[in-house]
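Biologist: Could you take me through the sheets and side-chain contacts of this model, giving the criteria behind each term as you go?

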Amino acid sequence: MTFQSKVFQAGPVTLAQGEYRASAAPESASEVVVKLTDKRAFGMLNGRSVGAIMVVTTLDGTGTFYELALLIESAQGWTNTDTVLLGDRVKVHSVAIERDRVAVAMTTHGPQDPMCCPTLEIIKHFVVQNDRLVAPSPNIL
């Protein structure tokens, strides 16, 4: 599976057995690690087979970044058409495809939360428009 990461912007990331590893910089012992998580959903949106998968990227240091990747099935297989950054050190509880939307239940940072300890429970919704994940207007949730 190959996808474009919003965090690791050096180019497309190709996962082998659910993981990608690369040096953080030339001649560096530090690594960038990108992994597929078990949080994923597959279903129909706009009459097409789609998948919503969660990918986590760790960079040298303490950052752990969560991204939602949109997959669309075609005759050639599954293709990543968009990726959305959900946050650093958030907690993703579930991903679902329901009511023509992708829903991500997660705990994110409230206004007073330190980076280590998010406490704000939310559900982020996305619709798919032109093969992209788009947050719908609050009045259509």
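The questions and answers below go through sheets, pairings and side-chain contacts in turn.

Modeller: Before we start, this is a predicted model, in which local features need pLDDT of at least 70 and side-chain atom pairs count only at pLDDT 80 or more, while totals for chains, interfaces and linings use all residues. Residues are numbered from 1 along each chain as its sequence is written, and side-chain values use heavy atoms, with hydrogens and water left out.

Biologist: In the open sheet of five strands, what is the strand order?

Modeller: Strands here are DSSP runs of E with at least two residues, numbered from the N terminus, and two of them pair if DSSP finds at least two bridges between them. Strand 3 (19–23) and strand 7 (77–88) each have a single partner strand, so one side of each is left without a neighbour in the sheet. The pairing is antiparallel and the order is 3-4-5-6-7.

Biologist: By how many degrees does the twist average from one strand to the next in that sheet?

Modeller: The axes are lines fitted to C-alpha atoms, and angles run from 0 to 180 degrees between N-to-C directions. From one strand to the next, the average twist is 25°.

Biologist: How many bridges pair strand 6 with strand 7?

Modeller: Strand 6 (residues 64–74) is also joined to strand 5 (residues 48–58) by nine antiparallel bridges, with Val56 standing opposite Tyr66. On the side of strand 7, the two strands form a hairpin with two residues between them, and Leu68 has Val84 as its bridge partner. The antiparallel pairing of strand 6 and strand 7 runs over 10 bridges.

Biologist: How many of the 11 residues of strand 6 are buried?

Modeller: Buried means under 20% relative accessible area, exposed means over 50% and partly exposed lies in between, with a 1.4 Å probe and protein chains only. By that criterion strand 6 is mostly covered, and its count of buried residues is eight.

Biologist: Which class, stacked or edge-to-face, describes the aromatic pair of Phe42 and Trp78?

Modeller: Rings of Phe, Tyr and Trp (its six-membered ring) pair if their centres lie within 6.5 Å, and planes under 30 degrees apart count as stacked, over 60 as edge-to-face and the rest as tilted. Phe42 lies in strand 4 (residues 31–45) and Trp78 in strand 7, so the pair ties together parts that are 36 residues apart in sequence. Phe42 is partly exposed at 48% relative accessible area, as is Trp78 at 34%. The ring centres are 5.3 Å apart and the planes stand at 70°, so the pair is edge-to-face.

Biologist: Which residues are linked with Glu19 in a network of salt bridges?

Modeller: A salt bridge is a side-chain nitrogen of Lys or Arg within 4 Å of a carboxyl oxygen of Asp or Glu. Glu19 in strand 3 and Lys35 in strand 4 are 16 residues apart, and their side chains meet at 3.6 Å, N to O. Arg21 forms a salt bridge with Glu31, the closest N and O atoms being 2.7 Å apart. The network joins Glu19 to Arg21, Glu31 and Lys35.

Biologist: In the open sheet of four strands, which are the edge strands?

Modeller: This sheet has the order 8-9-10-11 with antiparallel pairing, and seven bridges join strand 9 (residues 101–108) to strand 10 (residues 120–129), where Val102 stands opposite Phe126. Pairing on one side only marks the edges, which are strand 8 (91–98) and strand 11 (132–134).
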